[in-house]
Amino acid sequence: MSGPLTRFRCVARLVLVEDDASIAEPLIAALGREGHDVSWCPTGESALVSVGPETDLVLLDLGLPDLDGLEVCRRLRSRLPDLPVLMLTARAEEVDAVVGLDAGADDYVTKPFRLAELMARIRAALRRVPVATAVTTVQDVRIDHAARRAWRGDAELELSAKEFDLLAGDAGRAVTRDRIMREVWDEHWYGPTKTLDMHISWLRKKLGDDPAAPRLITTLRGVGFRFETG
């Protein structure tokens, strides 16, 4: 589920590279509450082993016990040039920020940071990840992200802007209700989500989603929704 011309990543696979457990453990818990799947690497070497093509974003501390975070960033960037890297550091000097960005980081947050600010930076970094292809197909639903058009079989779907945004997401991943409201409606949305249920209902009708058959859009009680891949 996405905004225009972007791929919405609500449950992202994150790797946190941080040697301080007192920082890592509460941060992992907070990221988990946002719906992210987080792997923790306490060293640079373990991060280089753990981070792969399936990783959506890396949160990278500069002050690691083995390799310098800048070197870790350079190695990751040489292997995975499109991987978003968000640096976490206690080094607040401007020169350090410039060096970090030159090493390939997408953004830079100094400690101590506000959790709300970090979450906003993560969302922004994930939005900047380019869609691998302009057209995606899930079951018999075809979505042209650039043209903002969708078809089921040979029939084009007449979708509102919000309905398209709800449809054009990462198939197979659970999407939390609050996250959809912030991403599709408003980043600062904290109100009731009944409008979301209404739009999902309309979208299901337009898709011809049969309640008696395996659904295209599955409701996950207490969580949100998932666009099924098959």
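**Entry 1: a loop residue**

I started with T55, which I found in the loop between α2 (44-50) and β3 (57-61). I am working with a predicted model here, and I keep that in mind throughout. Is T55 buried or exposed? T55 counts as buried, because its relative accessibility is 9% and the cut-off for buried is under 20%. I then looked up what T55 touches, leaving out residues up to four places away in sequence, and I got R13, V15, S50 and L83.

**Entry 2: strand β1 and its partners**

Which way does β1 run relative to β2 (residues 37-41)? The two strands pair in the parallel sense, over 5 bridges. For R13, I found that the bridge partner in β2 is D37. I also followed the chain from β1 to β2: the path goes through helix α1 (residues 21-33), and this β-α-β crossover is right-handed.

Next I checked β3, and β1 runs parallel to that strand too, joined by 4 bridges. Here I wrote down L16, whose bridge partner in β3 is L59.

**Entry 3: just past β1**

I moved on to E18, and its place is in the loop between β1 and α1. E18 has a relative accessibility of 1%, so I count this residue as buried. What is E18 in contact with, apart from its neighbours within four places in sequence? My list reads I23, A24, W40, C41, P42, D61, L64 and K111.

**Entry 4: L86 in β4**

I looked up L86 and found this leucine in strand β4, residues 85-89. L86 is buried because its relative accessible area is 1%, with under 20% as the cut-off. How far apart are L86 and D107 in space, C-alpha to C-alpha? I got 5.0 Å, although the two residues are 21 apart in sequence. D107 is also one of the residues that L86 touches, once those up to four places away in sequence are set aside. Others include V58, L59 and L60, along with Y108, V109, L118, R121 and I122.

**Entry 5: a sheet of three strands**

Further along, I found 3 strands forming an open sheet with antiparallel pairing. In what order do the strands lie? I read the order as β10-β12-β11. The edge strands are β10 (175-176) and β11 (217-220), and each pairs on one side only. β10 meets β12 (residues 224-227) over 2 bridges, and I saw that T176 stands opposite G224 in β12. Helix α8 (residues 194-207) packs on this sheet and touches β11 and β12. I noted an angle of about 150 degrees between the direction of α8 and that of β11.

**Entry 6: cysteines**

I wanted to know about disulfides, and the structure holds 0 of them. I looked at two cysteines anyway. C41 counts as buried because its relative accessibility is 3%, and C73 is buried with a relative accessible area of 0%.

**Entry 7: the whole chain**

To finish, I stepped back to the protein chain, which has 8 helices and 12 strands. What share of its 230 residues is buried? I wrote down 46%. Of the contacts between residues at least 6 apart in sequence, 58% join residues at least 24 apart. The accessible surface comes to about 11100 Å², and 53% of that belongs to carbon and sulfur atoms.

Methods
Residues numbered from 1 in each chain as written. Predicted model: local features only at pLDDT ≥ 70, side-chain atom pairs only at ≥ 80, totals over all residues. Heavy atoms only, no water. Buried < 20%, exposed > 50% of the residue type's maximum accessible area, 1.4 Å probe, protein only. Contact = heavy atoms within 4.5 Å. Areas by Shrake-Rupley, 256 points an atom, 1.4 Å probe, with all protein chains shown as cover. Disulfide = S-S within 2.5 Å. Pairing = 2+ DSSP bridges. Right-handed = clockwise from strand over helix to strand, strands pointing away. Axes fitted to C-alpha atoms, helices over the stretch in contact; angles between N-to-C directions.
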